[in-house]
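Thanks for passing this one along.

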Amino acid sequence: MSAMAHSLSAWGDYDRDNPFPLFERVRQLGPVHEVTLADGHDAWLIVGHAEARSALNDSRLSKDMQAALASDGEVVAEGLPGPAFARHMLVVDPPDHTRLRRLVASAFSVRRIEGLRPHVQNIVDGLLDDIAARGPEQQVDLVAAFAFPLPFTVICELLGVPHAGRAALGTGLIALLSPTSTPEEYEIAKRASDAVVEMLTTLVEAEQADPGDDLISALITARDGDERLDQRELLSTIFQLIVAGHDTTASLIGNSVVALLQHPDQLATLRADPGKMPTAIEEFLRYDAPVPHSTFRYALEPIDVGGVTIPAGAQVIINLASSNRDPNQFSRPDVLDIDRTDNRHIAFGHGIHFCLGAPLARMEGLLALNSLLRRFPQLRLAIPVERLHWDHGDGLVLRGLSELPVFCGPAKP
């Protein structure tokens, strides 16, 4: 069996450290392919940008995995923590999606997010102060010391998670989101999942008894006419906000740092003009998307995509990372170009399921990277890039660095 045939017969079982050459070869064969996922489930894979963008906003591709599981046990299950936490915006269709998104959006407002900016900057500065205190030649894991705790702290404070419970919640989430290729690994993840469910249930019950000025309380009281979130929707939404609110941003920060250190000309340009950072953030998202594939969809009816008919009932995954490097959409797609202006990437999705947390992720990424580059002008990798491993997450929907060893050098005030 050729390497290509093996990849298509076990999609997801590829080199996660550098999947882009494989994505390119698959894309050259066509924008849509029938594949078997690494866990044995059949699916249809979309790798072209135009086709992906269209599919992301196609109402014939359902996100209601509960309905899919009820009608066909062959589709991929919702995974941990299980069905009790699987009633959020990412896994429902209109009109339920419309209702849930409107309720969550009313609490997750732009005003609330922008109001966090000074506080996020304080968190960034505090974390960088801690790194600087270690000394200029002390090796630092930038994931553990900065990329993970920054968005995790922000989302915990936004939601109102008490300080005393954050360490246990963070540990549980890391274990819950780790790959589970053996029964032993699954048991570890399952125990972590149960602990996270218990922590969040207790937190919500406490907020319901004594509301505060935080996002959980805002979600509890959010109304759209007579509509409000029921208990299952509330817990599912909070869990999804915590996962998406920290994991993808941590990967964005880590991936961006590695990309810049591998492209010293782009790093020098950005250091010379920090005002380029908003455009650079969009390029980092395109170049190495923290979410390589969208969450699953399934076809409600036969759908023609890219000259291929996807049959009714088929499971569909959309490769955002491949689509963001499609030469039919982007000039020199494999080149990091922080001055790229025509950058219609789909790292945050597209259409009605466009990521609600995109403004928060962009703001955190901008403050984190601007401050990191300013404070540590001699930042460098502590190991060859070939020894870095993107083995955090499942490799499909979530892909991030497990660690990022660096030497920061002398710190500026």
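1. Strand E2 (residues 42-46) is mostly covered, with 4 of its 5 residues buried. Please keep in mind that this is a predicted model.

2. E2 has a partner in strand E1 (residues 32-36): the two pair in the antiparallel sense over 5 bridges. Valine 32 has isoleucine 46 in E2 as its bridge partner. The hairpin of E1 and E2 has 5 residues between the strands, and glycine 40 takes a positive phi near 100° there.

3. E2 is also joined to strand E8 (residues 315-318), this time by 3 bridges and in parallel. Here isoleucine 46 turns up again, with isoleucine 318 in E8 as its bridge partner.

4. Elsewhere there is an open sheet of 3 strands, in the order E4-E10-E9 and with antiparallel pairing. Strand E4 (139-141) and strand E9 (380-381) are its edge strands, since each pairs on one side only. E9 and strand E10 (residues 405-407) share 2 bridges, and arginine 380 stands opposite phenylalanine 407 in E10.

5. Two backbone details deserve a look. Most residues other than glycine have a negative phi, and most peptide bonds are trans. Arginine 332, although not a glycine, has a positive phi of about 45°. Arginine 332 lies in the loop between helix H16 (320-323) and helix H17 (358-375), and is exposed, with a relative accessible area of 54%.

6. Which peptide bond is cis, with omega near 5°? That is the bond from proline 94 to proline 95. Proline 95 is found in the loop between helix H4 (65-71) and helix H5 (96-107).

Conventions
Residues numbered from 1 in each chain as written. Predicted model: local features only at pLDDT ≥ 70, side-chain atom pairs only at ≥ 80, totals over all residues. Heavy atoms only, no water. Buried < 20%, exposed > 50% of the residue type's maximum accessible area, 1.4 Å probe, protein only. Pairing = 2+ DSSP bridges.
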